[in-house]
Amino acid sequence: MGDVANSSIEFHPKPQQQREAPHAGGFGCTLAELRSLMELRGAEALQKVQETYGDVGGLCRRLKTSPTEGLADNTNDLEKRRQIYGQNFIPPKQPKTFLQLVWEALQDVTLIILEVAAIVSLGLSFYAPPGEESDACGNVSAGAEDEGEAEAGWIEGAAILLSVICVVLVTAFNDWSKEKQFRGLQSRIEQEQKFTVIRNGQLLQVPVAALVVGDIAQVKYGDLLPADGVLIQGNDLKIDESSLTGESDHVRKSADKDPMLLSGTHVMEGSGRMVVTAVGVNSQTGIIFTLLGAGGEEEEKRDKKGKARSPGPKLGCGFLLCAAKKQDGAVAMEMQPLKSAEGGEMEERERKKANVPKKEKSVLQGKLTKLAVQIGKAGLVMSAITVIILVLYFVIETFVVDGRAWLAECTPVYVQYFVKFFIIGVTVLVVAVPEGLPLAVTISLAYSVKKMMRDNNLVRHLDACETMGNATAICSDKTGTLTTNRMTVVQSYLGDTHYKEVPAPSALTPKILDLLVHAISINSAYTTKILPPEKEGALPRQVGNKTECALLGFVLDLKQDFQPVREQIPEDKLYKVYTFNSVRKSMSTVIRMPDSGFRLFSKGASEILLKKCTNILNSNGELRSFRPRDRDDMVKKIIEPMACDGLRTICIAYRDFSAAQEPDWDNENEVVGDLTCIAVVGIEDPVRPEVPEAIRKCQRAGITVRMVTGDNINTARAIAAKCGIIQPGEDFLCLEGKEFNRRIRNEKGEIEQERLDKVWPKLRVLARSSPTDKHTLVKGIIDSSTGEQRQVVAVTGDGTNDGPALKKADVGFAMGIAGTDVAKEASDIILTDDNFTSIVKAVMWGRNVYDSISKFLQFQLTVNVVAVIVAFTGACITQDSPLKAVQMLWVNLIMDTFASLALATEPPTESLLLRKPYGRDKPLISRTMMKNILGHAVYQLTIIFTLLFVGELFFDIDSGRNAPLHSPPSEHYTIIFNTFVMMQLFNEINARKIHGERNVFHGIFGNPIFCTIVLGTFAIQVIATIPTSQLKCLKEAGHGPGKDEMTDEELAEGEEEIDHAERELRRGQILWFRGLNRIQTQIRVVKAFRSSLYEGLEKPESKTSIHNFMATPEFLINDYTHNIPLIDDTDVDENEERLRAPPPPSPNQNNNAIDSGVYLTTRGTKSATSSVFSSGPASPLHSVETSL
């Protein structure tokens, strides 16, 4: 840390420094002084405090605060302190902007491929090859250019780009809302973190952000320190500073040896009071975050430029920080793994990602990633094959069968074909890859997390809620989770008498009563109190440790009071405190007696403390010896019966030392021994009324509930029986920690998995367990490979020492009320009401997430299988995918995005708890789902192929197969597209059930989102496929037709239009079109002569289109008939007849002919063929028609 100390000189907030140099706003310390003080450690720090301030009291006076009364709760004073010393808030990292998220979404490979293909297609569609050569290139594009359809070519490219934009925006929006939710969650977690300070002599719980320099804060076991401070008074205080220094050993803190307490460190033992000296960005944590988080960008710049310095960014607290001198990499590394509760969690998480191997992927994510990769590979193969087949087919047909040569002028045409094939290939790929999957997961998780808040589950890590659905085992604490955590003393053993209820004070000897009151009042945390009830008739409020509250309540029940005793001996007069921890399982306090001797009070687990007792008080309050035989007697007659009633037994004892024989206080075993027992009390912690039912639900759902507790085995067994964890007649194990360890360790004391595997399947209760036992058990169950499936384990914990087990578990639940900050930090979900039933709710939501994903998968895979097969076979047989790229993207958009939203937001039902958990190894797609997917795919493919190959016969329309490049959308393919979408839409309703239920409509109206999406998609689909010709308003929007054109249109109505695709099909017509090409060339010559004559008549487009010429009466088609090269006479006759005779009326009103604007009609007596443009080729609506 040396480097940081050196660099601190650079760090002062420059603008304020000049202002505060003489006296910091009336306070005796400047911000810079305090910051440099907090850089020091141990003896060095102590020396500095003594030199500068005399002692900690002197520091408090300079900061205008009282070590016992704290600050006056005066708003102006607090505000002034915030302005001078900063506020306790570290500005979080800037969230990604929407544009950044859009840019990230664009990085998707399939989308990039599509964008490139679309841009190439778009570019080529604007390139029109010269007309003369087009016949040499085969029927490649004849239909297109002549028909004025070239203008329609851009639509596909543009529509693909549009679809890509839609997909990107939807993805970005989802990411953005997820990020926003995550930040909301973070701020909620942060708001919930409160800290105890003394203001006006009152203990107050204030939000961490409200702490100011000069506050007197109460520090206790399990706290995460929110600011830097100097210890005023401490009892047996041990701090875990590993988050700052990387040293895992706990550091002992005391006012006379090492008083410096740093933010971001954990209190592992003891308690104390500190004066806050640095907050927010000025605390040790804040300085590091400034270097890491805010300095991140500079670091990059600095590395590039190799400069030693660069100006720092402004931070939210209004300090302009100048970046430190270039640091050693080592120091940066040393400071990295820091946790802070003040808002740095995002940075912390990101930093962790870089440093530490990430926690294993959640079960579902693992399965989904695997599946997506498999599908992706399959899609890639299919699309590659499609492209290869299309290209080969085209090349062989054009260059081998038709024997054409590759002409330079035809290159653009061929390239256009290849691009079209490429786009079809990419489309197959796009449809094959289920982009909707990650989206469905995100939506489902985000939705569940929001709803789980209402069920008292505050989810800290998104994937935890889904993992919970797979849980097969829950290792639960007893106190507070299964029980109400409102403890009362119901039985006691005092003066040789076992009282089944609270005795009358008169029944006890005054000496015993006095000793008992003192032992309880002094030997418990002074922060633990019993306050009067908030409402009349309610129970008194218990504040602090619940076991201690029960004992204090016992004092009150004995008509005594603990407050006067505490006032007589305040906390700073306590000589020595051995605080409670999980190893000692007891707490002891030493006070100095008036005769300068000492008295030690001790309380703790009865069987542990009784072993240290050599005397006991009899009914007269006199000592009598207490031998091991008496102890065994007492255990049998008093403690076991109490424990079998489900009571926790606590022993209260004391010991006197004379002034002459002061022991070595650090030798704890020596001090806490040779005790005299005052009393043994039985504390009841009633089982929560709703727990037995919740545990029954878990067992029905195939989840084994185990109780892991620090309590006596008899107490634990009694409570387990009340909860229903163990049932009479079952084959189960209840073990104590020692016995458990004996069974699972070999001779060398190492844990063996085989031994563990013999124990855990039957184990239901683990009593008197240490945190390491809990961790061992959890790890053993997770790593075990016995049984049909691997176990997914959830663990609840509230203590600091539960951290390792919570971290190791698949899902760690921390208690929101009783839990320490350390436990919350290590957990995945925080139970805001500390109640076991909330865990059952979490299981329900988790299973619902899993089911939602499965529903979506079933639906998505059906769409994929059908679409890929249709595109593939269609492309191979008809050289064109029946479902166009744009249509596929539309399907992708509605089917992926909206369906994932619709299916992912199904609310959970109780029936989810009636089946067994899926476990780790079960495949994502069950047999039932497979059956549904294949069954539907076969049904859909049958219908689509029927429509594709014989559909034109059913509906008596023209076939859309084998249409040339850029041909307009046909009625035939529109029907196929519509059918396809409608089948998907109704399959969405089928997908709501995945466990083979018959009634797919059950509960459908319970999900308004689902109904809205299905109806909305239906409406859009209907609107999208109405032909443009039916929408008069749209046509007129393109350009208003003239009067004479209107009359032409009326004339044309009811008469047959010759379908462009149909003409294409017959060879004669092909020749006819080639003929027209030649005519065009000849017309150009004529045009050159007549240009002066017809300048006024021509529209700019008419340069390449024959129709306009045909519309002028001078050019009658008859004059040119003999120019058509005659290959087959009958063809000519047919053509001539068709041109001259009025065609027979036909019900076939095909929109293609209307749109392509070719009207061949007989007009009055003139046998002139005129062409009327129903919608000008210049209008973009001209052929948008059914391309969507």
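Mentor: A salt bridge is a side-chain nitrogen of Lys or Arg within 4 Å of a carboxyl oxygen of Asp or Glu. In this predicted model, that rule gives a count of 27 salt bridges.

Trainee: What makes Arg 648 and Asp 711 a salt bridge?

Mentor: Their closest N and O atoms are 3.1 Å apart. The limit is 4 Å, so the pair qualifies. Arg 648 belongs to strand E21 (residues 647-657), while Asp 711 sits in the loop between strand E23 (704-708) and helix H27 (713-723). The two residues are 63 residues apart, and the pair links distant parts of the chain.

Trainee: Why is Arg 648 called buried, and why does Asp 711 count as buried?

Mentor: The term applies under 20% relative accessible area. Arg 648 has 18% and is therefore buried. Asp 711 has 6% relative accessibility, so Asp 711 is buried as well.

Trainee: Why are Lys 779 and Asp 783 called partly exposed?

Mentor: That class lies between under 20%, which is buried, and over 50%, which is exposed. Lys 779 has a relative accessible area of 37% and therefore falls in the class. Asp 783, at 33% relative accessibility, is partly exposed for the corresponding reason.

Trainee: What makes Lys 855 and Glu 906 a salt bridge, and why does the pair tie together parts that are apart in sequence?

Mentor: The N to O value is 3.8 Å, and the rule asks for within 4 Å, so the pair is counted. Lys 855 lies in helix H33 (residues 836-878) and Glu 906 in the loop between helix H34 (885-904) and helix H35 (927-955), so the parts tied together are 51 residues apart in sequence. Both residues, Lys 855 and Glu 906, are buried.

Trainee: What is the mean pLDDT of the protein, and over which residues is the pLDDT below 50?

Mentor: The mean is 75, and 75% of the residues reach 70 or more. Residues 294-359 have pLDDT below 50, with 139 contacts in the model beyond near neighbours in sequence. Residues 1092-1188 stay under 50 too, with 163 contacts beyond four places in sequence. Where pLDDT is low, predicted coordinates should not be read in detail.

Notes. Residues numbered from 1 in each chain as written. Predicted model: local features only at pLDDT ≥ 70, side-chain atom pairs only at ≥ 80, totals over all residues. Heavy atoms only, no water. Helix = DSSP H or I, 4+ residues; strand = E, 2+ residues; numbered from the N terminus. Buried < 20%, exposed > 50% of the residue type's maximum accessible area, 1.4 Å probe, protein only. pLDDT = per-residue confidence, 0-100. Contact = heavy atoms within 4.5 Å.
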